[in-house]
Amino acid sequence: MGLLSLIVFLPLLFAVIIALMPSDKTVRMSSLVFATLHFVISLGLLFKFDSSSAAIQLAEQIPWIPEIGVTYFVGIDGLSLWLVILSTFLTPLIILGSWESITKRVKFFHLNLFLLQTAMLGSFLALDAILFYVFFELSLVPMYFIVGIWGGARRIYATLKFFIFTMAGSVLMLLGIIYLIFQVDAQGGALSANVLDFYRLNIPFIANDFLNPQTLLFFAFAIAFAIKVPMFPVHTWLPDAHVEAPTAGSVVLAAVMLKMGTYGFLRFVIPMFPDAAAHWAWLFMLLGVVGIIYGALVAMVQPDMKKLVAYSSVSHMGYVIIGLFALNAYGVTGGVYQMLNHGISTGGLFLLVGMIYDRTHSREIVKYGGLAKILPIYTILFFIITFSSIAVPMTNGFVGEFLILLGTFQANPVYGIFAATGVVFGAVYMLWMCKKIFFGTEGELMNQTKGVLKDLSLREIVVMAPLVIMVFWMGLFPDHFLNWSKPSLDYLVNNRENYELTLKDANQDSHTKTALIVEKDEEEGETL
């Protein structure tokens, strides 16, 4: 078993082991140890990954359903590297953060968390379209249970809405995948679900005809990923899911699961359908800008701090979309970096909201006030994560949003101007919330809990410390992260219309030996 397969399936092994454990205390301790071990193993990628190459690395390919060209094919490049590490980095923090808040069916909760980890990592590493689809859909099942069992009063409604929205979009993607498999057969002589084969297909595009194959395929995939992001106007499932989910569910949903959608745009939509992506980029940038402003304006009027953070997530993911569809180096680089930043800042905000909710059992902003005098450590950490969220210079959020705005102004100055207003609106609603909660007149809750509220425990400080470190590390030294992804991002931007990934493997030739590639090489008189 290679390193990538180990990273994908180790959480599944952990789930089986904890299912056999007798006590909740043993489950919690073992889960924390397992998740930390998993993170350490994932760091091994940094030692084996060649940061100077845009090729697919550490690839593993095994026949799965050869009759229809489906293989177990995983690999990693600069597009997926940091998303994998972000996933493994956050899981121990989520487990430690939910140490006291998850009190019922503890074993089943951690089992679902590890199953979800396998599904998310598989989605980021799969290079067979059917394998990707299996992992992509598998992620719905454990999240369904996490929200449905440990969520709030309206958890069933939120869970069903989340499930139906995501499943509906995925059906369109599945139809697109099936069409592409048969296109590989038509153009190459053999059925294949290999994503690298999909890149090489010649799919007709006619600018003035919406029903041309490339445009239809573009929207089949784009709608599925837009729902997952989620983009305006298919975002309505997200606030309900966030508000009703337990803290752990909100963190993993915001920090990692939403990135499966934006990653899908990078891995599938933009390189597979380059002409359609360029033609319809204006639409996705428009929807991204609308999402930025709409999410910010709705966040301003939220009385519930968790719902405010949920709508801020809609706004922030709008920046990622406009960055990706700027289709230039600044925008795409900023979009990828903002995916990581959002995982740190929004994940941190949900953890902090959960910590105060565990103490007061209320998220109503007006009931707070004067919290800074009572919980100084909590206040400091909340403001640091808030500064990251509103892109204050020297924090990670500033780097991502600055690059995105540079790319957006380069692609379309009008969109850039409107997107920049979102930065102002973001500062308004976040600082308004901070003012109401931490300063001013003491609210109803403060009067009721005076002398009872305690500042963050050592456990909670340990949860937040890595996130605070990442805020400043990514803000002050972005090249420590961007340099690993730069070759892949540059290759995508510069070769979008002729995107052909290779495999970097000492035991194989540089290209995947599939029927389509071999036939093309024969036709062109080339030798692999």
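Predicted model: local features only at pLDDT ≥ 70, side-chain atom pairs only at ≥ 80, totals over all residues.

Q: OK, so is Ala391 buried or exposed?
A: Ala391 has a relative accessible area of 10%, which is under 20%, so Ala391 is buried.

Q: Where is Ala391 found?
A: Ala391 is in the loop between helix H18 (376-389) and helix H19 (396-411). Its phi is near 65 degrees, a positive value in a residue other than glycine.

Q: What about Leu327, what's its phi?
A: Phi of Leu327 is near 60 degrees, again positive in a residue that isn't glycine. Leu327 lies in the loop between H15 and H16. With a relative accessible area of 18%, Leu327 is buried.

Q: Cis prolines next. Which residue is joined to Pro230 by a cis peptide bond?
A: That's Val229, and omega is about -10 degrees. Pro230 sits in the loop between H10 and H11.

Q: And what's omega for the bond from Phe232 to Pro233?
A: Omega there is near 10 degrees, and the bond is cis. Pro233 is found in the loop between H10 and H11.

Q: Let's move on to H11, then. How many of its residues are buried?
A: Eight of its eight residues are buried, so helix H11 (residues 237-244) is mostly covered. The buried residues are Trp237, Leu238, Pro239, Asp240, Ala241, His242, Val243 and Glu244.

Q: What covers the buried residues of H11?
A: The cover includes helix H8 (155-188), helix H10 (213-228), H12, helix H15 (305-325) and helix H16 (329-360).

Q: Take H8. How do the axes of H8 and H11 cross?
A: They cross at roughly 140 degrees and come within 9 Å. H8 and H11 are therefore oblique to each other. The crossing is left-handed.

Q: Which residues meet there?
A: From H8 you have Arg155, Tyr157, Ala158, Lys161, Phe162 and Phe165, and they meet Trp237, Asp240, Ala241 and Glu244 in H11. By class, that contact has six nonpolar, no polar and four charged residues.

Q: How many residues of H7 are buried?
A: Eight of the eleven residues in helix H7 (residues 140-150) are buried. They are Leu140, Pro142, Met143, Ile146, Val147, Gly148, Ile149 and Trp150. What covers them includes helix H5 (106-125), helix H6 (129-138), H8, H10 and H12.

Q: Switching to H14 and H20. At what angle do they pack?
A: About 20 degrees, with the axes of H14 (residues 281-300) and H20 (residues 413-438) 8 Å apart. That makes H14 roughly parallel to H20. Their crossing is left-handed.

Q: Which residues of H14 and H20 meet?
A: On the H14 side, the residues include Trp282, Met285, Leu286, Val289 and Ile292. On the H20 side, they include Tyr415, Phe418, Phe425, Tyr429 and Trp432. The contact residues of H14 and H20 divide into 17 nonpolar, two polar and no charged.

Q: How many aromatic pairs does the count come to?
A: The count comes to 45 aromatic pairs, with ring centres within 6.5 Å as the cut-off. One of the pairs is Phe265 and Phe284, with ring centres 6.0 Å apart and planes at 70 degrees, so the pair is edge-to-face.

Q: Where do Phe265 and Phe284 sit in the chain?
A: Phe265 is in helix H12 (residues 247-272) and Phe284 is in helix H14. The two are 19 residues apart, and the pair links distant parts of the chain.

Q: Is Phe284 buried or exposed?
A: Phe284 counts as buried at 5% relative accessibility. Phe265 is buried too, with a relative accessible area of 0%.

Q: Last one: how do the axes of H2 and H4 cross?
A: The axes of helix H2 (residues 24-42) and helix H4 (residues 81-97) cross at roughly 160 degrees and come within 9 Å. H2 and H4 are therefore roughly antiparallel to each other. That crossing is left-handed.

Q: What's in the contact of H2 with H4, by class?
A: The residues divide into eight nonpolar, six polar and one charged. Among them are Arg28, Ser31, Leu32 and Phe39 of H2, and Ile85, Thr88, Phe89 and Pro92 of H4.

Methods:
Residues numbered from 1 in each chain as written. Heavy atoms only, no water. Axes fitted to C-alpha atoms, helices over the stretch in contact; angles between N-to-C directions. Helix = DSSP H or I, 4+ residues; strand = E, 2+ residues; numbered from the N terminus. Parallel < 35°, antiparallel > 145°, perpendicular 65-115°, else oblique. Left-handed = near helix turned anticlockwise from the far one by under 90°. Contact = heavy atoms within 4.5 Å. Nonpolar A, V, L, I, M, F, W, Y, C, P; charged D, E, K, R; others polar. Phe/Tyr/Trp six-rings, centres within 6.5 Å; stacked < 30°, edge-to-face > 60°. Buried < 20%, exposed > 50% of the residue type's maximum accessible area, 1.4 Å probe, protein only.
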